Amino acid sequence: MRRAGWAAATAVIGWYAFALLILRPLTDAPVVDSWLYGSAVRRFLRTGEIRFAGFTQAMPIAQVLYGVAWAHAFGGDSVSLEISTVVLAVLCGVMFHALAIKCGAPRWQALAATGLLICNPCFTFLSFSFMTEIPFLTAMVGAHLAFAKAEGPREQLWMWLAAALAVIGFLIRPFAAMVIVGCGGAMLLYDTRLRGRERWDRALWVQMMTPLAAAFAICVALWIWLTVLSPKPWDLQRDENHFHYLFLVPIANYLRAGLLGPALYLGTVLSPLALLQLATSRWRRVAIYGAGIFAVALILMAMDHQLPVTPEYSCFGGWHNVLILRGQDNRFSWNEYWQQYAFLVLASAGAAGIIVAFAEIFKTLGRAAAAILIAAAAYWAATIPLWFYNDRYYLVMVPAAAIVLAIAPLPRRRLVIAAGFAMTLAMGLLSLGGTYAYQRGMEVILATRNELEREGVPRSAIDAGYVLNGEDLYRYPKHGIETMKLEGGIPMITSPKMDEYTIASGPIAGTEVVRRLKWPGLFGLGHRYFYLVRKHLAADGNPPSTAPAQPKHD
């Protein structure tokens with residue numbers, strides 16, 4: 001087993017070393033919302049105070065403290081903080097492999113499942129950011145691994161470690177409380193008479209449950225402190241004021257986006273292992289279930305046309321919408337119907353493979369694997385009424401479904417094993433290509449902003465997209481409580497207004513194109529264009545107050 005662990009660690013580290021070689025240099029700019037968390041790190045370094053921008057909805061205290069410790073040693077700029085997340089991604093992959101082995105997975109399936117996690121498009125993309133997903137998953141996987149090791153003479157120590165990691169995860173995302181639910185539920189099922197256990201040592205069971213109870217109590221206290229006793233970020237308060245909107249959504253939308261959407265996402269990103277169920281005697285059930293899921297998807301798509309689309313894959317670095325610029329819709333959509341239905345077929349077959357694999361292992365499921373599945377099911381149930389219909393949120397369920405596929409028996413034929421690893425590698429390369437496109441695209445945007453400023457255009461007159469506008473223009477008052485009014489007028493953050501110059505993903509009506517900006521295609525190959533556009537002259541005919549940029553070509 002140690003040899004398998006070292007092989008997995010070598011593979012994970014090798015993958016990220018290869019990724020860094022392809023992506024170099026990483027662009028010194030935030031990724032999506034990471035400007036909020038990177039700013040919190042740098043603010044702590046200046047003031048010693050943990051304080052988040054009012055625009056945030058997440059308050060990842062543990063991640064900020066980790067970022068502060070990292071910044072003391074390696075610096076706190078965007079690139080350094082992104083490398084800190086790469087370290088956590090490597091740790092997450094290594095721990096997940098150990099967890100799969102502990103749950104009873106054969107060595108090659110445990111390694112393949114680990115590949116599915118680190119080659120996941122969203123996981124790959126966010127590994128090179130300071131977003132909360134990778135730190136959260138690392139804490140979650142670590143907690144489940146500690147719980148899986150909680151047996152023998154050191155079981156109490158492992159239980160306390162699992163509880164501590166769950167609390168750390170909670171201080172990144174409150175959904176880490178589901179880990180406590182999963183572990184507690186598994187102990188209730190496996191360590192009592194509920195599953196026919198003849199001898200039940202109540203005193204030992206209570207002793208084992210104590211760390212989980214303590215972790216749950218700490219999480220409740222933290223929740224009260226963060227949401228009741230402390231001032232809430234104004235953006236979080238605004239969303240809570242709109243909570244009643246959840247009851248105005250048609251039930252068909254909840255069925256399509258809340259239940260079907262995550263299943264199709266998991267079926268797609270785990271298809272390299274899920275489709276191998278077709279190589280077993282269970283292939284007929286996979287085909288029948290896949291056809292049924294496809295038919296249900298078509299019916300629900302006909303009944304409900306709201307966003308998000310089905311299937312939904314917005315967290316991929318190659319999409320233009322990930323850069324969040326003006327000019328085109330920043331919500332994921334399909335350009336061609338044939339692409340949508342081709343992926344729907346793949347997703348349906350993959351989801352069917354996961355269901356069939358789960359049915360195969362259900363009766364022999366161990367306590368550690370059950371804890372992961374219970375936690376994922378609780379998390380899935382919580383996302384539905386909260387309308388968390390985005391693959392960034394679905395990513396949290398990937399480890400649980402990957403564990404199912406790692407445990408379910410597959411033929412040990414060379415062709416089957418080669419097919420699984422080949423499909424996983426293909427997905428990884430596509431994921432890496434999309435991340436490369438994002439890095440180079442953000443590099444172009446950053447260079448264009450800098451060039452405009454060198455030409456005398458004030459930063460306040462440049463709309464460089466959501467990420468850089470937040471990084472550059474958010475005000476962060478030194479004293480007092482931050483309000484939405486104080487932060488008003490920031491394009492794409494608190495204001496819909498257009499500035500004099502805009503870096504856009506497409507031409508915008510009422511503007512003139514100053515230059516086209518080339519960046520890589522969807523998977524890092526070929527090219528496509530951004531547009532630097534400038535508002536037309538004012539209605540009174542006066543020229544703009546800022547110096548114009550000189551028109552350029554590619």
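## The loop at Phe362

Phe362 sits in the loop that links α15 (337–361) to α16 (367–386). This is a predicted model. The side chain is neither fully covered nor fully open: Phe362 has a relative accessible area of 45%. Buried means under 20% and exposed means over 50%, so Phe362 counts as partly exposed.

## Overall build

The protein has 20 helices and four strands. Its C-alpha trace spans about 85 × 50 × 50 Å along the principal axes.

Buried residues account for 57% of the 554.

## Surface and charge

Charged side chains number 46 positive and 34 negative. The centres of these two sets lie 10 Å apart.

## The sheet

The four strands form an open sheet in the order β1-β2-β4-β3, with mixed pairing. Which strands stand at the edges? They are β1 (462–463) and β3 (511–520). Each has a single partner strand, so one side of each lacks a neighbour in the sheet. Strands of a sheet pair through backbone hydrogen bonds, in either a parallel or an antiparallel sense.

Strand β4 (residues 527–535) runs antiparallel to β2 (residues 501–504), and four bridges join the two. Within this pair, Ile503 faces Leu532 of β4. Strand β4 is also antiparallel to β3, through nine bridges. Here Arg516 has Tyr531 as its bridge partner in β4. Why is β4 described as largely enclosed by the rest of the structure? Because seven of its nine residues are buried.

The hairpin of β3 and β4 has six residues between its strands. Gly524 in this hairpin takes a positive phi near 85°.

The loop between α1 (2–23) and α2 (34–47) holds Pro25. The peptide bond joining Arg24 and Pro25 is cis, with omega about -10°.

Val32 lies in this loop between α1 and α2 as well. Its phi is positive, about 50°, although Val32 is not a glycine. Is Val32 buried or exposed? Its relative accessibility is 10%, so Val32 counts as buried.

Pro311 is placed in the loop between α14 (283–303) and α15. A cis peptide bond joins Thr310 to Pro311. Omega for this bond is about -15°.

Ile324 also belongs to the loop between α14 and α15. Phi of Ile324 is near 55°, a positive value in a residue other than glycine. The relative accessible area of Ile324 is 18%. Buried means under 20%, so Ile324 counts as buried.

Terms used:
Residues numbered from 1 in each chain as written. Predicted model: local features only at pLDDT ≥ 70, side-chain atom pairs only at ≥ 80, totals over all residues. Heavy atoms only, no water. Buried < 20%, exposed > 50% of the residue type's maximum accessible area, 1.4 Å probe, protein only. Lys, Arg positive; Asp, Glu negative; His and termini not counted. Charge placed at Lys NZ, Arg CZ, Asp CG, Glu CD. Pairing = 2+ DSSP bridges.
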